[in-house]
Amino acid sequence: MKKRFLALLTAGIIFVSLSETQAQAKLPQASSTTKIEQGIGIKKVTLVYQRPNTNGRTIFGGLEPYDEVWRTGANNIPSITFEEEVSIAGNKVPAGTYGIFSIPKKTGDWTIILSKNANQWGAYQYKQEEDFLRFAAKAKKLNDKVETFTMAFENVTPKGADLSLAWENVKVSFPIVVDQSKEILASIDEAMKGEKKPYFQAAQYYFNNNLDINKALAWANEADKGNTKAPHIKYWKAQIQLKAGDKAGAIQTATEGVEMAKAANNAEYVKLNTQVITAAKK
């Protein structure tokens with residue numbers, strides 16, 4: 001009898017435990033988590049942050065007071081990770097992970113804080129001695145309301161990007177600048193020693209970054225050899241020739257590119273090569 005009672009008791013405990021587990025509610029986060037990996041040049045920047053909604057509230061000057069340190073979102077402060085050294089507001093920021101605080105202002109620039117402590121919930125334990133960098137960031141009023149707090153990388157180029165944050169009727173942004181030229185040029189030089197030489201990519205990089213145009217042209221000529229069905233190579237070679245001052249050569253190369261593109265039914269490179277011809281004839 002005793003064994004039967006124990007068995008029933010055990011079964012009951014298991015049933016209650018399973019019932020409690022199955023009864024757990026699945027609810028959405030009040031403030032969703034977003035992770036962004038943004039490539040800048042040959043490296044990337046990773047941002048993780050929380051996204052609260054206004055929900056009809058007055059945010060700045062209300063829920064979030066002016067002139068006080070704000071967590072910049074909800075829950076944990078945003079964390080940003082740089083794979084390499086960057087420059088922000090004229091200051092060098094070594095590779096690593098940093099937390100982001102901000103100080104909203106009623107008028108004028110906001111203050112952005114990069115903290116050496118990236119693992120913080122809220123701004124309640126904020127310590128100024130943990131600041132790595134403080135700098136001013138441009139703020140502007142928005143005509144359209146931003147319901148969900150949004151951080152984004154904008155104006156992305158191989159040399160940097162703007163990081164913006166927007167909520168309610170305010171948008172704040174600041175530039176992140178990288179200098180990868182030495183590393184990129186060294187990698188091109190090293191790759192040119194190999195069997196498969198990146199002539200086309202190297203020519204593009206030199207053209208786009210206003211480097212030695214004669215070297216770019218020599219590489220474009222190498223990339224063009226034997227590529228009888230590559231209108232995109234003709235297009236880039238023609239651009240390089242035009243930049244080098246060889247208008248007649250650019251017209252001839254781009255004309256060949258137009259014919260190749262027509263044969264391949266490639267309307268995009270018919271248009272692009274035609275644009276080079278037009279520019280060369282001016």
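E168 is buried, with a relative accessible area of 13% (buried means under 20% relative accessible area, exposed over 50% and partly exposed in between, with a 1.4 Å probe and protein chains only). E168 belongs to strand 9, where helices (H or I, at least four residues) and strands (E, at least two) are DSSP runs numbered from the N terminus. The phi of E168 is near 55 degrees, a positive value in a residue other than glycine. Most residues other than glycine have a negative phi.

Before going further, a word on the model: it is predicted, so local features need pLDDT of at least 70 and side-chain atom pairs count only at pLDDT 80 or more, while totals for chains, interfaces and linings use all residues. Residues are numbered from 1 along each chain as its sequence is written, and side-chain values use heavy atoms, with hydrogens and water left out.

## S164 in the strand

Strand 9 covers residues 160–177, and S164 lies in it. S164 counts as buried because its relative accessibility is 3%. Leaving aside neighbours within four places in sequence, S164 is in contact (heavy atoms within 4.5 Å) with T150, M151, A152, E154, K171, V172 and S173. For a sense of distance, take K138: it is 26 residues from S164 along the chain, and their C-alpha atoms are separated by 9.7 Å.

## Helix 6 and its neighbours

Now for helix 6, which runs over residues 247–263 and has 17 residues. From its first C-alpha to its last it reaches 24 Å, close to the 24 Å expected at 1.5 Å a residue; the expected span is 1.5 Å times one less than the number of residues. Its buried residues are G249, A250, T253, A254, G257, V258, M260 and A261. These pack against helix 5 (231–243) and helix 7 (267–280).

With 0% relative accessibility, A261 counts as buried. Beyond its neighbours within four places in sequence, A261 has contacts with P231, N266, Y269 and V270. T97, by comparison, is 164 residues from A261 in sequence and 47 Å from it in space, C-alpha to C-alpha.

N265 sits in the loop between helix 6 and helix 7. N265 is exposed, because its relative accessible area is 71%.

## The chain as a whole

Stepping back, the chain has 7 helices and 9 strands. Its radius of gyration is 29 Å, whereas a compact globule of 282 residues would have one near 19 Å; this radius is taken over C-alpha atoms, and the globule rule is 2.2 Å times the number of residues to the power 0.38. Along the principal axes, the C-alpha atoms fill a box of roughly 100 × 60 × 40 Å.

Of the 282 residues, 39% are buried. Among contacts with a separation of 6 or more, 52% are between residues 24 or more positions apart. The accessible surface comes to about 16,500 Å², and 52% of it belongs to carbon and sulfur atoms (Shrake-Rupley method with a 1.4 Å probe; for residues, only the protein chains shown count as cover).

Finally, the charges: there are 37 positive and 29 negative side chains, and the centres of the two sets lie 4 Å apart. Lys and Arg count as positive and Asp and Glu as negative, while His and the chain ends are not counted. Each charge is placed at NZ of Lys, CZ of Arg, CG of Asp or CD of Glu.
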